[in-house]
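This report describes selected features of one protein model. Please examine the sequence and the structure shown below before reading on.

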Amino acid sequence: MANNNKNDLLAVLQLLRKYNLKGTEDILRREAQLTDIPDTVPGDSDVSSVLAAYKSEGDPEIYETSFLALRNFVAESLDIYKHELAMILYPVLVHMYLELVYNNHEEQAKRLMEKFGPEQEYYYQEDLRRLAMVTKRDQMSGNDLTDTFKSNEFIIRISRDTLSLLKRHLQEKKQSVIMNIVNEHLYFDLYEGVARNKTQCDATAGALTGEAKRQDNKIKVYYGLLKEPDFQSLTAPPEEDDDLDPDAPDKPKKKKAKKDPLLSKKSKSDPNAPPADRMPLPELRDIDKLEKIKALREASKRVNLGPDSLPSVCFYTLLNSAHSVTCAEIAEDSSLLAVGFAESIVRVWSLTPGKLREMKPAEQLKDIDRDADDVLVRMMDDRTAETCQDATIRLWSLHTWTCVVVYKGHQFPVWDVRFSPHGHYFVTGSHDKTARLWATDSHQPLRIFIGHLADVDCVQFHPNSNYIATGSSDRTVRLWDCVSGNHVRLMTGHKAPIYALAFSMCGRFLASGAADHRVHIWDLAHGHLIAAFTTHTSTIHSLCFSRDGTILASGSLDCTLNLWDFTKLCEDISGENVNVSHNPDVRDGEQYLLRSFPTKSSPFLTLHFTRRNLLLAVGMYDSG
């Protein structure tokens with residue numbers, strides 16, 4: 001056995017012993033025929049040397065000349081290959097810099113970054129600025145950004161011809177520094193066909209670790225909607241057989257109760273829907289069914305929206321709160337508005353003429369007849385309620401206005417919480433880079449979704465409750481399967497953290513809004529980006545589809561509300577073959593913009609369509 005290989009194995013044995021993995025250590029000893037080696041193997045410094053992510057390439061000056069040669073090669077390449085080749089410059093620069101820092105060549109690393117950093121794409125500049133602050137080897141340890149680059153390959157989708165051209169150049173020029181980086185830290189997702197142009201490359205670029213592999217989006221997604229339950233049985237009174245009543249032989253027969261035509265409509269089965277028993281959903285209680293019937297009746301009075309029939313907008317302005325409001329949400333039935341404040345307070349307002357109700361104090365409850373039919377009504381008192389919230393996840397009762405359960409599990413602050421459309425389940429996203437699926441009756445999370453490389457800033461349930469979408473500061477959108485816990489879609493293209501998500505009414509499309517001022521529309525059938533709306537000039541924090549699915553509304557910190565013609569977009573893509581993974585046709589959103597509504601000086605915080613398609617918006621007045 002070569003001496004170098006033996007030292008490597010001894011270092012691995014030391015690492016296994018350090019973490020008390022005795023079974024694995026014994027197996028490795030037997031397979032490597034090292035059973036006669038004593039337990040005194042190399043120390044931690046030797047282990048670190050063996051497992052180091054970056055090896056020294058000798059002369060630190062060759063890094064700058066190597067990168068300059070690579071940049072010139074890309075610039076002089078044919079236009080057909082140039083744009084795909086240019087995508088390797090950023091990851092190569094990053095790993096060259098880290099390699100120099102790791103090997104204590106601080107001056108050369110600084111010079112390399114200052115010379116070539118500003119040339120990289122604008123959406124990588126913030127990462128390069130953070131990276132330039134790491135100038136010593138010990139600063140790399142525990143740094144989120146350097147750890148991400150060290151432990152993840154940078155993914156580039158590239159044609160076979162382009163890759164052959166690159167490899168031939170590196171071999172001919174004997175560029176060992178770049179060749180090592182390419183082999184160890186880059187992953188090329190190959191496809192057959194013509195290389196992509198600049199627009200196509202930019203459409204999917206921008207994520208922290210490159211693009212999505214085609215394999216990431218091949219799993220079948222059941223994006224269809226579940227069949228609605230039959231409500232007719234709940235509303236039809238039981239029939240009485242009057243012929244058998246001996247006391248009233250001449251009494252006229254009662255007419256049978258007429259079936260409500262609204263509730264008699266049978267919902268069609270969606271061929272893309274998941275099996276009904278795939279995800280265990282709670283049984284509907286009678287009160288839930290009555291609420292759904294109420295929603296159906298309101299929906300029957302809904303205004304049909306379109307280019308010639310835009311929604312009315314009602315804007316709720318929060319005064320004297322520009323720097324204290326953190327979030328806002330409107331109830332599904334549009335009856336309540338809840339606003340979260342930085343001082344850990346949640347305030348709730350009624351949006352209807354009825355006042356909020358709170359349980360009466362204990363002294364008054366003693367006087368209530370517990371057998372009365374309206375005992376719950378008598379227990380409640382008319383008043384406005386205030387609730388407070390800390391860093392944990394808390395479930396609050398809207399009857400008693402008290403905290404019912406505290407859910408603990410996340411390691412860092414929780415940024416977003418969303419309930420399932422079917423109730424019972426809810427999902428959270430956190431600074432700890434995970435999203436978690438919970439049930440209201442369990443203190444522990446049912447699923448922990450791990451894969452994002454930075455904060456999970458926003459989460460959203462799919463309309464069929466089988467999937468969860470997450471948006472992250474790693475500039476990716478992921479779709480997770482609640483049943484398996486795996487991610488089934490990985491979508492790249494945003495150039496900044498993602499703060500808003502919304503599923504279309506049909507369940508097939510997902511809209512995402514980010515700090516790059518863009519709204520992206522994704523087709524979940526294949527994971528493709530199909531449209532990019534770019535008219536906003538600041539971060540987008542709210543997205544909402546109309547109840548009939550015809551219009552998408554986007555609200556931004558630029559104090560504008562934009563309405564987009566989603567029906568026209570769906571019609572435009574319906575006849576296309578979208579199963580082309582390497583060069584999707586991304587539409588510009590300007591042709592779909594119906595109207596823009598500006599406010600005087602109130603950024604948009606949240607948007608909500610009522611059941612009748614009135615658009616409600618919430619924002620803070622900012623005099624500055």
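How many disulfides does the count come to?

## Cysteines

The count comes to 0 disulfides, a disulfide being a pair of cysteine sulfur atoms within 2.5 Å. C506 is in no disulfide, and the nearest cysteine sulfur, which belongs to C570, is 6.1 Å away.

C506 is partly exposed, at a relative accessible area of 38%. C403 is also partly exposed, with a value of 27%. Here buried means under 20% relative accessible area, exposed means over 50%, and partly exposed lies in between (1.4 Å probe, protein chains only).

## Basis of the model

The model is predicted: local features need pLDDT of at least 70 and side-chain atom pairs count only at pLDDT 80 or more, while totals for chains, interfaces and linings use all residues. Residues are numbered from 1 along each chain as its sequence is written, and side-chain values use heavy atoms, with hydrogens and water left out.

## A residue in strand 24

S542 is found in strand 24, which covers residues 540-545; strands are DSSP runs of E with at least two residues, helices are runs of H or I with at least four, and both are numbered from the N terminus. With a relative accessible area of 3%, S542 is buried.

Leaving aside residues up to four places away in sequence, S542 touches A500, A553, S554, G555, F604, L605, T606 and L607. Such a contact means heavy atoms within 4.5 Å.

## A residue in helix 5

I80 lies in helix 5, made up of residues 79-86. I80 is partly exposed, with a relative accessible area of 42%.
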